[in-house]
Amino acid sequence: MDSLGTWPRPVPADDRDFDVQVMRRLRTASGDDEAAGRPSLGERLGTSLLLVVPVLTALAVVLLWQQWSRSGSPLLLALIAVLLVATALWWTARFRRAFATAQGRLGARLANVVDHGVGVVRELDLEPVGQDAAATGSSRASSAEDGTGEVTGEVTENGAGNGGRVRARLGLSVTPVQGDRFSTVVEAVYDTEAALLLEVGSHGPVRFLRDDPEGTTVIDTRLSEEQVAQVYRGAALN
């Protein structure tokens, strides 16, 4: 368990489905959002210079090299060196600036599409995955919360400790950073040892699409500890 006491992290999942949904939302954004996310004319011209300036520099170097081959002047070689170094420094700085601008613009647009929250386990169901399921038969775990807030039921896993994997079906109550609380069900794959740490009342960060939170919620495995702390603070203030 991490320093925040959240649920164990699942086995790294393939989040391409979620990313595809995000890109689909970005492509179908409303006109106002799309206009706000569109680069200005100056930004587009500045970005185009990333290609134009190296091409012009290459032409200048070729011409200067031809002049040097005829005259043999060391000044031309010095000029070529200065031109190459200056172009490299300018291109690196411009690329970093363009990348930072694009990253900030994408982050601003994602903030209108993807939201985060804290999910609390209300229902828990575990079952072995793949070969582990065949080896353990119908081993299954169901946990429920009784009136005292304590977890009832047992996690029975004959393969515990053998490095197997378990699929967890989690019924969550989610408190988002913004918006109303909602309930949903998510599935995640855990190593057996980690799955045994799950219980009703476990909690952790989740992410979802704003226009369909119940249908798109997934456990967030991409956030740093600092970002997780921000999500918890935002959910507590909501």
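# Briefing: a surface patch, a strand trio and side-chain contacts

Helix H3 gives the most to the nonpolar patch on this structure, with six residues. The model is predicted: local features need pLDDT of at least 70, side-chain atom pairs count only at pLDDT 80 or more, and totals for chains, interfaces and linings use all residues. Residues are numbered from 1 along each chain as its sequence is written, and side-chain values use heavy atoms, with hydrogens and water left out. Helices (H or I, at least four residues) and strands (E, at least two) are DSSP runs, numbered from the N terminus.

**The nonpolar patch**

- The patch lies on the surface and is formed by Leu 49, Leu 51, Val 52, Val 55, Leu 56, Leu 59, Trp 90, Trp 91, Phe 95 and Phe 99. Together these residues have about 940 Å² of accessible area.
- Two elements give two or more residues each to the nonpolar patch: helix H3 (41-71) and helix H4 (74-110).
- Patch members have over 30% relative accessible area and no salt bridge; like charges are joined within 9 Å, and nonpolar side chains (Val, Leu, Ile, Met, Phe, Trp, Tyr) within 5 Å.
- The areas come from the Shrake-Rupley method with a 1.4 Å probe; for residues, only the protein chains shown count as cover.

- The whole structure holds four aromatic pairs. Trp 91 and Phe 95 form a stacked pair, because their planes lie at 5°, with the ring centres 5.3 Å apart.
- Rings of Phe, Tyr and Trp (its six-membered ring) pair if their centres lie within 6.5 Å; planes under 30 degrees apart count as stacked, over 60 as edge-to-face and the rest as tilted.
- Trp 91 and Phe 95 are four residues apart in helix H4, so about one helical turn separates them.
- Trp 91 is partly exposed at 33% relative accessibility. Phe 95 is partly exposed too, at 41%.
- Phe 95 also stacks with Phe 99, at 6.4 Å centre to centre and 20° between the planes. Again the spacing is four residues in helix H4, or about one helical turn.

**Strand E4 and its two partners**

- Strand E4 (residues 165-176) is mostly covered, with nine of its twelve residues buried. Buried means under 20% relative accessible area, exposed over 50%, and partly exposed in between (1.4 Å probe, protein chains only).
- E4 pairs with strand E1 (residues 114-128) in the antiparallel sense, over eleven bridges. Two strands pair if DSSP finds at least two bridges between them.
- Val 118 has Thr 175 in E4 as its bridge partner.
- Strand E5 (residues 182-191) also runs antiparallel to E4, and ten bridges join them. Here Leu 170 has Val 186 in E5 as its bridge partner.
- E4 and E5 form a hairpin, with five residues between them. In the turn, Gly 179 has a positive phi of about 105°.
- In a regular strand the side chains alternate between the two faces of the sheet.

**Salt bridges**

- There are six salt bridges. The rule asks for a side-chain nitrogen of Lys or Arg within 4 Å of a carboxyl oxygen of Asp or Glu.
- Asp 19 pairs with Arg 222, and their closest N and O atoms are 3.0 Å apart. This pair links distant parts of the chain, 203 residues apart: Asp 19 is in helix H1 (residues 16-27), and Arg 222 is in the loop between strand E7 (218-219) and helix H8 (225-237). Asp 19 is partly exposed, at 29% relative accessible area. Arg 222 is partly exposed as well, at 46%.
- Glu 187 pairs with Arg 167, with 4.0 Å between the closest N and O atoms. Glu 187 is in strand E5 and Arg 167 in strand E4, 20 residues apart. Arg 167 is partly exposed, at 32% relative accessible area.
- Asp 220 and Arg 207 meet in a salt bridge of 3.1 Å, N to O. Asp 220 is in the loop between E7 and H8, and Arg 207 is in strand E6 (residues 203-209), 13 residues apart. Asp 220 is buried, at 5% relative accessible area. Arg 207 is buried, at 3%.

**A charge over a ring**

- The charged end of Arg 207 sits over the ring of Phe 18, 4.7 Å from its centre.
- For this contact, NZ of Lys or CZ of Arg must be within 6 Å of the ring centre and within 35 degrees of the ring normal.
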